[in-house]
Amino acid sequence: MTAETAQLQHPLLRVQDLKIRIKMDNGVMNAVDGVDFEIRKGRTLGLVGESGCGKSLTSRALIGINPKECETSGTIDYLSSEDTKDGALDLLSLDPNGRKIRSIRGRKIAMIFQEPMTAFSPMYTIGNQIMEAILIHRTKNKKEAKRIALEMLSKVGISDQEKRFDQYPHEFSGGMRQRAMISMALSCNPEILIADEPTTALDVTIQAQVLELMKRLQQEFGMAILLVTHDLGIIAEMCDEVAVMYLGKIVEQAPMREIFRNPKHPYTKGLMRSMPRLGGNKAKRLESIEGSVPVPVNMPPMCGFYDRCKDRIEGVCNKQSVPSTQISDSHTVRCFLYSEQQGGK
């Protein structure tokens, strides 16, 4: 094994049995229920699923910015590529407002938020907000911080940086705000970039530019990316590995090509069939997954996809929790169709 291959196989972040519960008036919502995945250096992991399945809560838990009412358990082990001799640091064990997590948040693990118009403060200029992160994590020299900020604006393709530096978020277009958000996230050269729906509400041309920009900057900085999206086209374009999420659980995980060529879970198959295809029959309607996502409040032990699944096993899928089954070395699925205890495939 070469040193480069070993580096790629080394996880920067390992999430195990992550659970997020929210107390409601009518019970407890299991918003995230036992999620496991790893983020590796130089690789992109796609977290895909319908709205409301727990993707954003999962990604925000990594840097401890979920609301206080979210009760979070499990482990989020951070293993810095710069120094692993001290072992893993469980980010969930840290005070979310403490100095240690704040030294990691923004510096080692950065995030591109879903809507930059609400992520940026309307009271401060774009340049001021990018400089703030640099002054906290990289240098105390304001001239140096401004130079880095202008350089990052240039890297993300924003022209006339001096002028744009002193403008406010409302003076930027949607695509430019997203680029500015990326420049702020990358201003401290993070090891891990969390991109939560980074192309939402952008037209397809700007969307393609933003995705190409992220790929180019990933190659330049060598960072890992967690890409949160519901768009399978973006997953195919950007990701090395894919985790399919449904009702707070990862129901299938595999390399990107394996997911597209050989999906196993009925939910994953339904997502694939709902995609438009070039050269397809124009008169044929796209398939849809019938029903709606149930509310995960006081859920009994059963498959969350049971009511919508055409392949469900009566008396099995609705009677017990579904175990995760290893299909191959890199492919897991949470479905009784493949569970050995049920005599699956």
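Strand β4, which covers residues 70-78, is joined to β5 by 2 bridges, and the two strands run antiparallel. Strands here are DSSP runs of E of at least two residues, helices are runs of H or I of at least four residues, and both are numbered from the N terminus. Two strands count as paired if DSSP finds at least two bridges between them. Within this pair, Tyr78 stands opposite Leu89 of β5. The model is a predicted one, in which local features need pLDDT of at least 70 and side-chain atom pairs count only at pLDDT 80 or more, whereas totals for chains, interfaces and linings use all residues. Residues are numbered from 1 along each chain as its sequence is written, and side-chain values use heavy atoms, with hydrogens and water left out.

The pair belongs to an open sheet of 4 strands, ordered β2-β1-β4-β5 with antiparallel pairing. Its edges are β2 (27-40) and β5 (89-90), each of which pairs on one side only. In general, strands of a sheet pair through backbone hydrogen bonds, either parallel or antiparallel.

The protein as a whole has 12 helices and 12 strands. Its radius of gyration is 21 Å, close to the 20 Å that the globule rule gives for 345 residues, so the protein is as compact as a globular protein of that length. This radius is taken over C-alpha atoms, and the rule is 2.2 Å times the number of residues to the power 0.38. Along the principal axes, the C-alpha trace spans about 70 × 55 × 55 Å. Of the 345 residues, 46% are buried, where buried means under 20% relative accessible area, exposed over 50%, and partly exposed in between (1.4 Å probe, protein chains only).

One of the helices, α5 (residues 126-137), contains Asn128. Because its relative accessibility is 39%, Asn128 counts as partly exposed. Asn128 and Asp166 are 38 residues apart in sequence, yet their C-alpha atoms are 7.7 Å apart in space.

A cavity is a set of points, on a 1 Å grid over the protein atoms alone, where a 1.4 Å probe fits but cannot get out; lining residues have an atom within 4 Å of a point. Of its 13 lining residues, Cys303, Cys309, Cys317, Cys335 and Phe336 are the closest to the centre.

Terms used
On a 1 Å grid over the protein atoms alone, a cavity is a set of points where a 1.4 Å probe fits but cannot get out, and a pocket is an open set with protein on both sides within 12 Å along at least five of seven lines; lining residues have an atom within 4 Å of a point.
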